[in-house]
Amino acid sequence: MSEHSHPTPGLYVLILLALVIGTCLTWGIAFIDLGIWNPVVALTIAVIKAVLVILFFMHVHYSDRLTKLTISAGFFWLMIMITMSLSDYLTRTFLPR
Amino acid sequence: MRRFPLSTSQTTTTEHHPALAHQFDSMEQQQGASTFGMWVFLLTEIMMFGGLFTAYLIYRLKYYPAFVAGSTSISVSWGFANTLVLIGSSFTMAMAVWAAQKGMRKAQVWFLLGTMVLGAAFLGVKAKEYYDKYDECHIPGHVIGKGFNTWGGCDAKDPSLGNIAEEIRKRDPNIPEGAAVQIAGQTEIFFSFYFAMTGLHAFHMVIGLGLLAWLLLRARRGEFGPSYYTPMELGGLYWHFVDIVWIFLFPLLYLISRHQHGA
Amino acid sequence: MQLNFPIFPEQASSMAGQVDALYLFLVLITTFFSLLIAILILYFAIKYRRTPERQAEQIHGSTLLEIVWTVIPLGISMVIFVWGAVIYYHMERSPSNPLEVYGVGKQWMWKFQHPGGQREINTLHVPMNRDVKVTMISQDVIHSFFVPAFRVKQDVLPNRYVFTWFKATQPGTYHLFCSQYCGTKHSGMVGQVVVMTPDDYANWLASGKAEGSLASLGEKAFQQYGCTTCHRPDSGARGPNLEGLYGRPVRLTDNRVVLADDNYIRESILEPNAKVVSGFQSIMPTFRGVVSEDEIIAITEYIKHLAPQEANPLNNRTSPTQIRDSEVPNIQDQNKQQNQQQPAQQTPQGKRPVNPSEKKP
Amino acid sequence: MIVKPVMPERHFLNDNYGIRSWLLTKDHKRIAILYLFSITVFFLVGGVFASLIRLHLLTPNGELFEADTYNKLFTMHGVNMVFFFLIPSVPAVLGNFLVPIMVGTKDLAFPKINLLSWYLYMAGGTFSMAAMISGGVDSGWTFYAPLSSGYLKTHVIMLAVGVIIAGFSSIFTGLNFIVTVHRMRAPGITWGRLPLFVWSNYAASLIMILGTPVIAITLILLALERGFHIGIFDPKLGGDPVLFQHMFWFYSHPAVYIMILPGMGVISEIVPCFSRKRIFGYSFVAFSSIAIAVFGFVVWAHHMFVAGISVYSALVFSLLSYAVAIPSAVKVFNWTATMYKGSIEMSTPMLYAMAFIGLFTIGGLTGLFLAALGLDIHIHDTYFVIAHFHYVMVGGMVTAYLGGLHFWWPKITGRMYPEAPAKLAALITFIGFNLTFFPQFILGYMGMPRRYWAYPPEFQVLNVLSSAGASVLAVGFLLPLLYFAWSLKYGEVAGDNPWQATGLEWETSSPPPTHNFHHIPIVTKDPYAYGEDAEVPVVH
């Protein structure tokens, strides 16, 4: 159902290049002091890399809405787990007194 | 009493592809269902790794200095190299799927082989890293290896063997020994997560290699072509997912506040 | 077997009435809706029972009705939520000037310490009409402090202090249960809370054999572990001055501000480098495995009693004290014994006024 | 229809014979029957533990068993019932049998994975049985750390492994349902024509695939901590025990909706059938299932109000907990409204459905007590909680399971169960159930903590009442076992549609042929087209 148009090897090479550049960037930036932004930058690059892999290597860009919805649901639920757990950990110190 | 049938019946005539399972009407339905099934399975994988990531995050907030020290003690170069290896294997995997779609038997086999070699290389590096940790007495707990020591190394007197407390003091002499030892002791929890997360990932890699071997056999027999390449597609999805997990593991485990301490 | 069995718990605290009011309200709601549904079902089942001539009347649905039975339950549940939240908030707020009692849970007993130094096991004596705050910690697994007559319950965790409070209103003896499953003798981890009139309570306090007040025990431990070496009021001290510390905000080296409460003090004893006060070095060794929970409680009580002696807020000291390396305790050698159960000895040689054999918890 | 129905000549039960044809079957109906047998065994084992617990609690001082044994009994009762009965019961037995037929397909999307999931279930069951036989486990089904990871001396890891494996069985069942519902619907079955049983199983499947992996990883971490003494949850090793509870309840709270949602689906099928009426508010009933599944994921910490979580977090979780109560209420009202002006036949399945609606109402409403923060402090971890979830799980779920089993028994076996003993069993179950669990509400509010081996004497009368009820309940549960077995041989031949029900499953023969339908059906009407030729008034 999903193979009406498919990426070509040329595109794959481009993605590979982008991923390698992303990895090098992550590695390089890790040694520069950005304060609290270090993990933010690293994770942003990681997210971009993951999105590239998902969209092109995993053909989601060419897939139907259901597949896209499924993946979004996965990350949405992960966010639920993380944020709702943190809602406890981050507010424990604000005791009402 | 009268019955009110919900349905009328219809006879379907579809030409049968040998790979079409009986429960499906068409190859298109079969591929759609299989691919979607794989995605649903990957959804469960996201949540499974997600549980680990959540716990990791909470402990990282709680024991940040120890996570920095633990992260610094693992080799960023190997981690970096392994990231590139895995990205490369993802590329060859994508190419293998493409070759299958195009019905290029030889190309499939070579790309699959390439993927397997890179995957095995990744596991080899991982094994080396694990062995280093074993050597440095950084295995958490008291069951495997010589047991985790509060100073985070094998011998308190010998700073050369993974003595994390000593490393901390070397990088920042202002940190007193007591504090360094305490932080070193807490790296045990970092290593717990390091091994749990990379271990679960490596376990997925091993399964992935098994899948690839099976795909390789089938590809060699020329089973895949433009009309049927679903198993290849599914294997690809799985392999890319494992790659994505690593894309997150690398910065989370290897690169915690590297700038403080240099390579 | 007694035949006149109670079906409602005693009300023996200021909170009991509030909780029971919400309970009875909910019982009313539950009864109303359960009966409504049950009666409707039975009525329909009889009224519209199948007979040869009966034809069901097809109804697709009604958006209006759906909205009605979405909104009404929503409204009712919001009332319950707010009501419950108000009571909860009240329960979680520490009373202003409570009588403080400390509890330690372990498999399978409760240990309580009073500020006057009295210790009890599985029994807690408290005066009536006075806010009593019980601060608790567990030595092993999770327990839970539950006094049904007071409608209070709090899980007692092994890694941090939690508290609960109550104001008993009726003299008497009440059940104390451990309500969090804690192993084989979970159901044996029971005791009683004895509520006494103020006079009786005073008598009880006087009759109790105490080795001295809790704070004085704490002071003893404070000296015994050599804390005074660094935590001194003078400006050259290597550790923060602890006078007037309790209950105040403290600025840390990473600019965070935390409240110096029981948990902070305990953490600073066991994991001194987790939260280092701004302007100080992290030089303090850990006392994990060295001090017992009881001693930490006593030391905390002692710190609470250290009144501020000068207007020198410890949280904004400007010049960090320089420490020479030779002053830093060398604790590695003593640290070699790995066994977590065994107290390691981690203090600088010659600085501790007692020898290890004396510091039995 | 005066013609006496006859058994079809060929159907899935006689298509093939021999043990191999069962153990290697890929037919969803045969797998459903494999599940039916194995689940019954686990239910009986769990039931024996329950009976022993109730027997022990007749006296306050714990005279029958040692404390240790008692702890093992309630642990194994909980584990058996939750992981090996409640979670798989309706989805894996009735769902497996009916979902493909209801969506008009020959089988589930992945028959081999379906069989694999039964084997995983059996493997998980074997591990848990092995843990049981080799001395039992006394961790409680909740496995709270650090007790289970650092203090107990029993085979916690073996039991945890059993639960993890069974978890994967449930993941695969859920995966199969989701793919089948999305990709395998027969022509004409739009989402608006999907039977409500399929909707609710779909919603439960969502929870299975999103929640179950989290319990798997949580228990893996627990086992690692226990096995290798690495610090994850034990504060002695630097961990945080409250994190275990967060991760455990992230799955285990939604898991109660895995248990109850398919049961609700059964009721949504039975009530219209025996009222001869289309379901009231189809789309509201359907979407309330999805709403329950989604909201179910954001309320977990209401199990932790006294566990030392932050006050603000508790407020948020309490508020959200009410969000999940609303769709449940909507369902109850819609079922009741479906009966209005129907033509109601009080057959056994309908009796069970009516019992479900009543008991679930009580069970659901008492959930409001537990979500109310100030009140939960008092009743948390008491028998009030026990009573509440048994009202939902036994009064709701088991009742629905039995109702569904009676309803579809003629479809599964081709034979009717005997009506008179079935009605009697339904009545006995209802009375026994209420006698067992209603006193526990009072006990709980009185303050009797759960998992107590001995208790203060003033609680004895209520405990004796409860134990008496349990013996009645046991009879109620054993009766169906007897007459179902009897009916296999002597039951009346049912015919394709003994209830004159609508729905695709009633259009094929009973028992259905191996491929369910001789031709792929094309559906032109919605699933509850009762009285379709009559005028259809719409109330506004």
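The contact between chains C and D takes 78 residues from chain C and 88 residues from chain D, where two residues are in contact if their C-beta atoms, placed from the backbone, lie within 7 Å. The structure is a predicted model, in which local features need pLDDT of at least 70 and side-chain atom pairs count only at pLDDT 80 or more, while totals for chains, interfaces and linings use all residues. Residues are numbered from 1 along each chain as its sequence is written, chains are lettered from A and ligands numbered from 1 in the order in which they are written.

On the side of chain C that touches chain D, the elements giving two or more residues are α1 (14-47), α2 (63-92), β6, β7 (152-156) and β9 of chain C. Helices (H or I, at least four residues) and strands (E, at least two) are DSSP runs, numbered from the N terminus. The largest share of this side, 18 residues, comes from α2(C). By class, the residues of the side of chain C that touches chain D divide into 45 nonpolar, 22 polar and eleven charged; Ala, Val, Leu, Ile, Met, Phe, Trp, Tyr, Cys and Pro count as nonpolar, Asp, Glu, Lys and Arg as charged, and the others, Gly among them, as polar.

Chain C contains six helices and twelve strands. Of its 361 residues, 41% count as buried; a residue is buried if 20 or more other C-beta atoms lie within 10 Å of its own, exposed if 12 or fewer, and partly exposed in between, with C-beta atoms placed from the backbone. Among contacts in chain C between residues at least 6 apart in sequence, 68% join residues at least 24 apart.

One open sheet of chain C has five strands in the order β4-β10-β9-β6-β7, with mixed pairing; two strands pair if DSSP finds at least two bridges between them. Strands β4 (123-127) and β7 of chain C stand at the edges, each with a single partner strand, so one side of each lacks a neighbour in the sheet. Neighbouring strands of this sheet are turned by 20° against each other on average, direction ignored. Axes are lines fitted to C-alpha atoms, for helices over the stretch in contact, and angles run from 0 to 180 degrees between N-to-C directions. Within the sheet, β9 (residues 172-178) of chain C is mostly covered, five of its seven residues being buried. Strand β9(C) is joined to β6 (residues 143-147) of chain C by two bridges, and the two strands run antiparallel; Phe145(C) has Cys178(C) in β9(C) as its bridge partner. Strand β9(C) is also joined to β10 (residues 191-196) of chain C, by five bridges and again antiparallel. His175(C) stands opposite Gln192(C) in β10(C), and Thr173(C) has Val194(C) in β10(C) as its bridge partner. Helix α3 (residues 198-207) of chain C packs on the sheet and touches β4 and β10 of chain C, its direction making about 130° with that of β4(C).

A further open sheet of chain C has five strands in the order β3-β2-β1-β5-β8, and its pairing is mixed. The edge strands are β3 (119-121) and β8 (162-167) of chain C, each pairing on one side only. On average, neighbouring strands of this sheet are turned by 25° against each other, direction ignored. Strands β1 (residues 99-106) and β5 (residues 131-138) of chain C pair in the parallel sense over seven bridges, with Met136(C) in β5(C) as the bridge partner of Gly103(C). Helix α6 (residues 293-305) of chain C packs on this sheet, touching β1, β2 (109-113) and β5 of chain C, and its direction makes about 165° with that of β1(C).

The contact of α1(A) with α3(B) has 13 nonpolar, two polar and no charged residues.

Chain D has a cis peptide bond from Ala145(D) to Pro146(D), with omega near 0°. Pro146(D) lies in the loop between α5 (111-133) and α6 (147-151) of chain D. Phe143(D), found in the loop between α5 and α6 of chain D, has a positive phi of about 55° although it is not a glycine.
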